[in-house]
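Here are some questions and answers for a reader new to this structure.

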Amino acid sequence: LDEILEQLRGGAGRRGRRGAPRGAGADLEHHLTLDFLQAVWGTTTTLRLAGGPKGETETITVKIPPGVREGSRVRVRGKGQPGPDGPGDLYIVTHVRPHPYFHRDNDDIYVEVPISISEAALGGKVDVPTIDGTMTVTIPAGTASGRKLRLRGKGVRGPGGETRGDQYVVVKIVPPT
């Protein structure tokens, strides 16, 4: 029955010498949790894969590219299940832990910065965290709470790796206690 179904699907010439179906082995998935900055900048990680006919383990080093998001899939060729025409692929599914003060929206990063009423009314300079380090930002006089100040090119590197998103500083006016 298997041979008849295979012929109906057009696979008559895809059998090996002993009649076994040919093809690459099955693909595998591995879930990997990353810190926020590891996902932004990329990282290298070591994985232990169990497999083979005797259940032996293999240790591999995998480079996670910069800019991966929650649910991104990183392909590692030839590290899936073995098959007659070679092994399948391993897909690493990324999960990203939240950051204490950065929030990501596509390739843009948002950070909420508290300022005093006098800084909002008169303007001033505040130090703002970015993924590149601390940066001094000028707060314009008369700034309202919730205003977004854009820092061009201070976001996450896009999939092509050439351009970066922006960082938005969201001003939060904090009254004195």
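Q: In this predicted model, how far apart are the closest N and O atoms of the salt bridge between R150 and D166?
A: R150 lies in strand 10, and D166 in the loop between strand 10 and strand 11. The two residues are 16 apart in the chain. They form a salt bridge, and their closest N and O atoms are separated by 3.6 Å.

Q: Which residue of strand 11 is the bridge partner of L149?
A: Strand 10 and strand 11 (residues 167–173) pair in the antiparallel sense, over four bridges. In strand 11, the partner of L149 is V169.

Q: Which strands stand at the edges of the open sheet?
A: Four strands form this sheet with mixed pairing, in the order 6-7-11-10.

Q: Where is N106, and is it buried or exposed?
A: N106 sits in the loop between strand 6 (102–105) and strand 7 (108–115). Its phi is near 55°, a positive value in a residue other than glycine. The cut-off for exposed is over 50%. At 52% relative accessibility, N106 is therefore exposed.

Q: Which residue stands opposite T130 in strand 9?
A: Strand 8 (residues 124–130) and strand 9 (residues 133–139) run antiparallel and are joined by seven bridges. A hairpin connects the two strands through two residues. Opposite T130 stands G133.

Q: Which residue forms a salt bridge with D132?
A: D132 is in the loop between strand 8 and strand 9, and its partner is in the loop between strand 10 and strand 11, 32 residues apart. The closest N and O atoms of the pair are 3.0 Å apart. The partner of D132 is R164.

Q: How many residues apart in sequence are the parts that K79 and E58 tie together?
A: K79 and E58 form a salt bridge, with the closest N and O atoms 2.7 Å apart. K79 lies in the loop between strand 4 and strand 5, and E58 in strand 3, so the pair ties together parts whose separation in sequence is 21 residues.

Terms used
Residues numbered from 1 in each chain as written. Predicted model: local features only at pLDDT ≥ 70, side-chain atom pairs only at ≥ 80, totals over all residues. Heavy atoms only, no water. Pairing = 2+ DSSP bridges. Buried < 20%, exposed > 50% of the residue type's maximum accessible area, 1.4 Å probe, protein only. Salt bridge = Lys/Arg side-chain N within 4 Å of Asp/Glu carboxyl O.
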